[in-house]
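Dear colleague,

My notes on what was found in it follow directly after.

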Amino acid sequence: MQQKIIILDFGSQTTQLIGRRVRELDTFCEILPYNKFPHDDPSVIGVILSGSPFSVYDKEAFKVDLSEIRGRYPILGICYGAQYMSQLYGGKVEPAGSREYGRANLETIDLENPLFQGFEKGSQVWMSHGDTITAIPENFKCIASTSKVKYAAYQAEGEQLWGVQFHPEVFHSVQGSLLLRNFVVNICGSVQDWSPASFVDSTVAALKEQLGDDKVILGLSGGVDSSVAAVLLNRAIGSNLTCIFVDHGMLRKNEFRDVLHDYECLGLHVIGVDASERFFSDLKGVTDPEQKRKIIGRDFVEVFNAEARKIKGAGWLGQGTIYPDRIESLNITGKVIKSHHNVGGLPEEMHLRLCEPLQWLFKDEVRRVGRQLGMPEHLITRHPFPGPGLAVRILGEVNPESVRILQEADDIFIRGLRDYKTRMKVEDARRLLAAGVPQSMVEDGEIEVSLYDRVWQAGAVLLSTVRSVGVMGDERTYEHPVALRAVTSTDAMTADWAHLPYDFLARVSNDIINHVKGVNRVCYDISSKPPSTIEWE
Ligand code: XMP
């Protein structure tokens with residue numbers, strides 16, 4: 001039985017991060033709403049209570065009965081989780097004089113405590129809270145303090161119940177991973193058997209069992225998730241898997257051809273459908289961004305369905321849904337939101353059941369599984385790319401000419417990012433690169449890293465509704481600007497503009513203006529998200 005840690009979500013922005021940190025300890029975990037503890041699940045080995053945007057005093061604050069959890073499982077409360085347990089069991093929580101936010105040091109630590117095994121006195125932690133614990137319950141003991149926070153961590157005497165006021169899951173808590181390791185491995189007794197290899201073995205076996213001789217259809221996008229899902233399914237059921245890859249005409253330069261080739265090399269049976277003419281014809285004269293999205297979405301479903309209908313006897317629709325798409329996240333109004341992307345409107349008469357082999361994985365785990373399956377690095381490290389493709393990066397009408405201009409500019413930018421390489425210490429690379437570090441590329445503790453790998457996502461945007469004056473040779477030009485966008489991020493919910501080197505930007509700007517007919521100006525987008533978004537639309 002696969003052991004698991006349950007993370008009860010009280011709505012903090014860092015709950016998913018706690019999940020990822022636990023998975024990094026090769027331990028499976030599930031994130032569940034604070035009041036959905038699976039009392040009858042025998043595989044649970046420990047419980048973590050997350051932070052929350054609420055104060056324990058708020059009327060709407062999430063409250064839960066822990067009587068059937070306390071004493072049965074080891075518990076670790078983080079921030080609100082710690083305050084909540086402290087208050088619940090008779091301690092006192094009060095508003096801090098000023099909101100405590102940022103770095104702090106554990107000036108006193110009980111280094112004998114199992115939670116702090118291997119810690120150093122003065123260890124830096126990250127605080128982010130408006131309330132503070134001013135008295136702990138009777139029979140609880142204080143096990144760490146900072147200069148401002150007396151009860152930075154506590155334990156219930158003689159019990160496996162801890163609370164920490166700081167956030168061990170965030171990067172700035174220097175020994176945070178060690179604390180989580182102490183809890184998950186030493187205290188909860190995880191045997192650390194959750195690895196890409198074990199995932200592949202068990203998932204392939206489970207898929208064989210689930211699907212038998214059934215046929216599966218899967219829509220490929222060229223992105224990491226659908227590609228890894230396809231390779232996994234292919235390993236389980238081989239020729240019973242048929243993949244469909246639709247070209248709507250707004251992919252990157254040569255992408256349809258190159259990605260199809262990659263898929264064929266991976267042994268996938270793929271039907272490539274070039275439907276670009278239909279999309280361009282339906283997009284003619286349309287400039288409103290929402291309207292464009294609607295048309296592309298509708299056409300995509302119709303083209304996909306027409307192909308899917310041709311595959312006789314299919315019983316399943318395979319999808320690359322990943323865990324963050326499924327987590328029921330709590331928003332501040334207390335409503336449970338379930339975000340789950342589905343292929344819209346597949347015809348009911350096809351009676352397809354959903355098969356989602358990656359539904360338990362975070363993005364970084366999908367990539368590790370892809371590497372385990374022997375997929376090429378350029379597929380695994382590919383940046384996210386929006387479903388409607390370059391259409392959301394062309395302001396104004398989308399037509400073959402505007403797409404051509406943007407494809408050329410984008411290609412120069414992306415090739416430039418891939419070609420600009422520097423060496424980096426492997427531990428820095430592990431921290432900084434969203435796509436992770438393949439061990440095979442490490443040499444003397446270092447790895448060669450391109451700008452492409454350093455950023456979360458990059459692309460060019462064509463401002464085809466704007467023209468400005470330029471001069472080329474002796475001639476006056478009146479053409480479009482291109483904006484370059486490159487951002488760093490961990491989940492696309494927030495993003496910062498990437499501080500790309502000036503020499504690189506200068507070269508790319510020159511190359512674009514000199515080689516792409518129709519463009520006479522290049523700008524670099526220096527807005528972060530929020531308040532901007534990643535795509536311009
Ligand atoms: P924004 O522009 O909202 O984008 O900051 C956040 C992330 O979502 C991607 N994106 C999409 N992905 N279909 C997708 O599959 C879409 O329609 C779509 N729109 C935006 C965007 O590229 C970024 O990674």
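**Sheets, helices and the ligand site**

The bridge partner of Ile217 in strand 12 is Thr242. This pair belongs to a set of five bridges that join strand 11 (residues 215-220) to strand 12 (residues 241-247), and the two strands run parallel. Please note that the model is a predicted one.

Helix 5 (residues 224-237) packs on the sheet that holds these strands, where it touches strand 11, strand 12, strand 14 (314-318) and strand 17. The direction of helix 5 makes about 160° with that of strand 11. The sheet itself is open and has five strands in the order 13-12-11-14-17, with parallel pairing. At its edges stand strand 13 (270-274) and strand 17 (353-355); each has a single partner strand, so one side of each is left without a neighbour in the sheet. From one strand to the next, the twist averages 30°.

A further open sheet has eight strands in the order 2-1-3-4-10-9-8-6, and its pairing is mixed. Here the edge positions belong to strand 2 (29-33) and strand 6 (108-109), which have a single partner strand each, so that one side of each is left without a neighbour in the sheet. Within this sheet, strand 3 (residues 44-49) and strand 4 (residues 75-78) run parallel and are joined by three bridges. Val47 has Ile75 in strand 4 as its bridge partner.

I turn now to the ligand. Which residues surround the ligand? They are Arg293, Pro386, Gly387, Pro388, Gln457, Ala492, Lys529, Thr533, Ile534 and Glu535. By class, this shell has four nonpolar, three polar and three charged residues.

A polar side-chain atom of Gln457 lies 2.7 Å from an oxygen atom of the ligand. From Ile534, a backbone N or O atom lies 2.8 Å from an oxygen atom of the ligand, while a backbone N or O atom of Gly387 lies 3.1 Å from a ligand nitrogen atom. On its own, the ligand has 500 Å² of accessible area, of which the protein covers 68%.

With kind regards

Notes
Residues are numbered from 1 along each chain as its sequence is written. This is a predicted model: local features need pLDDT of at least 70, side-chain atom pairs count only at pLDDT 80 or more; totals for chains, interfaces and linings use all residues. Side-chain values use heavy atoms; hydrogens and water are left out. Two strands pair if DSSP finds at least two bridges between them. Helices (H or I, at least four residues) and strands (E, at least two) are DSSP runs, numbered from the N terminus. A residue is near a molecule or strand if one of its heavy atoms lies within 4 Å of it. A polar contact is a pair of N or O atoms within 3.5 Å; within protein, one must be able to donate a hydrogen and the other to accept it, and residues adjacent in sequence count only if both atoms are side-chain atoms. Accessible areas come from the Shrake-Rupley method with a 1.4 Å probe; for residues, only the protein chains shown count as cover. Ala, Val, Leu, Ile, Met, Phe, Trp, Tyr, Cys and Pro count as nonpolar, Asp, Glu, Lys and Arg as charged, and the others, Gly among them, as polar. Axes are lines fitted to C-alpha atoms, for helices over the stretch in contact, and angles run from 0 to 180 degrees between N-to-C directions. Contact means heavy atoms within 4.5 Å.
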